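Please read them alongside the coordinates.

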Amino acid sequence: MNQTLDDYKKSFVIEQLRKYNYHDTDEKDYKELVNQLARLRAMEVEVKSPHSDWF
């Protein structure tokens, strides 16, 4: 059953990466995929926003 949960988590992250048009998901483990997703999401932060003045 643990394998099923791991497969679900990995497929969810891959689905989120595809929203950013990122398709290089073959031969990468879950941790690498999560790190890539975090990088892509961090690039979306608007620097001019008053809430992100600490950037």
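1. Leu 37 touches Val 13, Gln 16, Leu 17 and Tyr 20, leaving out residues up to four places away in sequence; contact denotes heavy atoms within 4.5 Å. The model is predicted, with local features requiring pLDDT of at least 70 and side-chain atom pairs pLDDT 80 or more, whereas totals for chains, interfaces and linings use all residues. Residues are numbered from 1 along each chain as its sequence is written, and side-chain values use heavy atoms, without hydrogens and water.

2. Leu 37 also belongs to the largest nonpolar core, whose seven residues are Val 13, Ile 14, Leu 17, Tyr 22, Leu 33, Leu 37 and Leu 40. α1 and α2 each supply at least two residues of this core. Such a core is a set of buried Ala, Val, Leu, Ile, Met, Phe, Trp, Tyr and Cys residues joined through side-chain atoms within 4.5 Å. In soluble globular proteins, nonpolar side chains tend to be buried together.

3. Thr 25 lies in the loop between α1 (2-19) and α2 (30-42); helices are DSSP runs of H or I, at least four residues long, numbered from the N terminus. Thr 25 is buried, at 8% relative accessible area (buried: under 20%; exposed: over 50%; 1.4 Å probe, protein chains only). Beyond its neighbours within four places in sequence, Thr 25 contacts Ile 14, Leu 17 and Leu 33.

4. Asn 21, in the loop between α1 and α2, has a positive phi near 60° without being a glycine. Asn 21 is exposed, at 60% relative accessibility.

5. Glu 27, placed in the loop between α1 and α2, also is not a glycine and has a positive phi of about 60°. Glu 27 is exposed at 84% relative accessibility. Most residues other than glycine have a negative phi.
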